[in-house]
Amino acid sequence: MLSAVLGYLINQLPGIQSWSVAARVTLFLAVVAASSVVAAATSAATEKEKSTPVPTVSTSARPLSLSEYIAKWRAGPVKLTVEHYNAWVVRKNSKDVKDWTEFDMRFSVRNETTGPLDLAAAPTSLVLVRNAVYPADSTFTDNQRSIAEVPADWNLYGVGFDNVPDYVSVGDKKYDIFWTGSTLKVADEFTSSSTAGNGISYQMPAPAKALKGEVDAIAPSAVNVIGAAWLGTDGLIQGFTPTSEWKGPNSIDSFIGG
């Protein structure tokens with residue numbers, strides 16, 4: 001088929017009919033040979049393209065950084081505000097009882113989910129978030145939960161609280177601390193206004209660095225606390241407020257006085 005086409009095309013060349021038969025045959029053979037070389041080269045290039053692997057571009061999502069997680073959590077449907085707090089070290093002069101850190105806190109919670117929010121679940125849902133694991137011999141290991149959304153080696157944990165009435169003393173007066181939140185309707189807000197009825201007391205190990213005095217106020221960062229969060233029933237964070245946005249000052253007078 002190719003030879004016939006080439007022969008036809010050669011016979012259409014201007015003046016070709018005046019050539020001798022031998023000259024036309026020689027031209028024809030030369031054109032056929034050249035076209036065979038071109039066809040062979042084209043075929044080899046095509047086969048090379050088929051055999052050469054095409055680099056693939058990964059479509060997997062880039063892992064989020066902690067700051068990106070925090071931005072995502074802050075945009076969640078449960079809006080948290082730390083109205084008052086007092087972080088301090090409780091000193092125990094006993095061989096059997098170790099010093100510990102206590103966070104006395106009062107929150108506001110706004111429900112922007114699509115259904116009622118069960119505030120009675122706060123002991124396991126309303127947590128302080130730490131970026132360190134408790135020592136293995138700590139008596140508080142039961143109140144920390146791994147944050148499932150982030151890589152395990154980040155050591156990010158939520159510290160829950162026991163809803164057992166506690167108190168703080170100022171002079172000769174005791175101030176009760178306990179949580180009474182129930183169901184929060186959509187778009188409603190539960191706001192802490194006093195220690196009575198809606199305070200929370202979190203406990204965790206004392207900071208590694210020794211402090212002086214019977215009662216020592218400490219910064220949340222001294223015990224690796226980076227914020228407060230609301231954990232949903234699926235274990236995912238639905239709201240977050242970093243320590244930088246907690247309302248101060250960090251003092252017993254602020255916590256009690258409101």
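Counting a salt bridge wherever a side-chain nitrogen of Lys or Arg lies within 4 Å of a carboxyl oxygen of Asp or Glu, the structure has five salt bridges. What you have open is a predicted model, in which local features need pLDDT of at least 70 and side-chain atom pairs count only at pLDDT 80 or more, while totals for chains, interfaces and linings use all residues. Residues are numbered from 1 along each chain as its sequence is written, and side-chain values use heavy atoms, with hydrogens and water left out.

**The whole chain**

Begin with the protein chain in cartoon view, where there are five helices and 14 strands; helices (H or I, at least four residues) and strands (E, at least two) are DSSP runs, numbered from the N terminus. Of the 258 residues in the protein chain, 38% are buried, where buried means under 20% relative accessible area, exposed over 50%, and partly exposed in between (1.4 Å probe, protein chains only). Among the contacts in the protein chain with a separation of 6 or more, 68% are between residues 24 or more positions apart, a contact being heavy atoms within 4.5 Å.

Select arginine 74 and glutamate 245 next, whose closest N and O atoms are 2.3 Å apart in a salt bridge. This pair links distant parts of the chain, 171 residues apart, with arginine 74 in helix H3 (residues 66-74) and glutamate 245 in the loop between strand S14 (237-242) and helix H5 (252-257). Arginine 74 is partly exposed at a relative accessible area of 38%, and glutamate 245 is also partly exposed, at 40%.

Move on to aspartate 137 and lysine 98, whose side chains form a salt bridge at 3.2 Å, N to O. Because aspartate 137 lies in the loop between strand S4 (126-130) and S5, and lysine 98 in the loop between strand S1 (78-90) and S2, the pair ties together parts that are 39 residues apart in sequence. Aspartate 137 is exposed, with a relative accessible area of 54%, and lysine 98 counts as exposed at 56%.

Then select arginine 110 and glutamate 112, a salt bridge with its closest N and O atoms 3.3 Å apart; arginine 110 is partly exposed at 29% relative accessible area, and glutamate 112 is partly exposed at 42%.

**Strand S11 and its partner**

Why is strand S11 (residues 199-205) largely enclosed by the rest of the structure? Seven of its seven residues are buried, so the strand is largely enclosed. Within S11, proline 205 is the bridge partner of tryptophan 100.

**Two pockets**

On a 1 Å grid over the protein atoms alone, a pocket is an open set of points where a 1.4 Å probe fits, with protein on both sides within 12 Å along at least five of seven lines, and lining residues have an atom within 4 Å of a point. The volume of the largest pocket is about 350 Å³.

The second largest pocket holds about 210 Å³ of space, and of its 14 lining residues Asp142, Asn143, Gly160, Phe161 and Asp162 lie nearest its centre. Helix H4 (122-125) and strand S5 (144-146) each supply at least two residues of this lining.

How values were computed:
Grid points are joined across faces, edges and corners, and a volume is the space filled by probe spheres set on the points. Two strands pair if DSSP finds at least two bridges between them.
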